[in-house]
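Here are my notes from going through the charged side chains. Have a look at the model first, then read on.

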Amino acid sequence: MLKGFFDGLAEHRQKQASQREYDYLEQTPYLHSSSYLRNLYNRSSNDDQRSQLMDYMERFDVTDKDYKGYHNLYRDINSLYDEGEE
């Protein structure tokens with residue numbers, strides 16, 4: 001019975017990124033790949049985490065169309081906010 005509980009807990013942790021991963025983005029001087037950021041986006045659980053992703057990409061100025069993966073992710077996150085305002 002305990003094994004099932006801990007297996008479920010481990011699966012939950014894999015599906016949901018920890019807040020530390022998003023907080024790290026605010027401090028790191030390195031640009032992570034768009035696929036890594038997309039993975040964080042897919043595992044995000046609130047608007048604050050998605051906002052941290054947007055701020056990170058803006059800080060590295062990779063939101064325009066020249067950076068396709070970053071641009072698409074930025075657009076996807078931004079569209080969530082546009083839909084919420086309607």
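1. Which residue forms a salt bridge with Arg75? In this predicted model, the partner is Asp76, with the closest N and O atoms 3.7 Å apart. Arg75 is partly exposed because its relative accessibility is 44%, and Asp76 is also partly exposed, at 23%. The pair belongs to a network of salt bridges that links Arg38, Arg75 and Asp76.

2. The count of salt bridges comes to 4. Another one joins Arg43 to Glu21, whose closest N and O atoms are 2.9 Å apart. That pair ties together distant parts of the chain: Arg43 sits in helix 3 (residues 34-43) and Glu21 in helix 2, 22 residues apart. Glu21 comes out as partly exposed, with 21% relative accessibility.

3. Asp47 and Arg50 also meet in a salt bridge, 3.1 Å from N to O. They are 3 residues apart in helix 4, so about one helical turn separates them. Arg50 is buried at 15% relative accessible area, while Asp47 is partly exposed at 46%.

4. Now for the negative surface patch: Asp23, Glu26, Asp55 and Glu58 form it. Helix 2 (19-27) and helix 4 (47-59) each supply at least two of its residues. Glu58, in helix 4, is partly exposed at 40% relative accessibility.

5. A word on confidence. The mean pLDDT of the chain is 85, and 77% of its residues reach 70 or more. Where pLDDT is low, predicted coordinates should not be read in detail.

Methods. Residues numbered from 1 in each chain as written. Predicted model: local features only at pLDDT ≥ 70, side-chain atom pairs only at ≥ 80, totals over all residues. Heavy atoms only, no water. Patch = residues over 30% accessible without salt bridge, like charges linked within 9 Å, V, L, I, M, F, W, Y side chains within 5 Å. Areas by Shrake-Rupley, 256 points an atom, 1.4 Å probe, with all protein chains shown as cover. Salt bridge = Lys/Arg side-chain N within 4 Å of Asp/Glu carboxyl O. Lys, Arg positive; Asp, Glu negative; His and termini not counted. Charge placed at Lys NZ, Arg CZ, Asp CG, Glu CD. Helix = DSSP H or I, 4+ residues; strand = E, 2+ residues; numbered from the N terminus. Buried < 20%, exposed > 50% of the residue type's maximum accessible area, 1.4 Å probe, protein only. pLDDT = per-residue confidence, 0-100.
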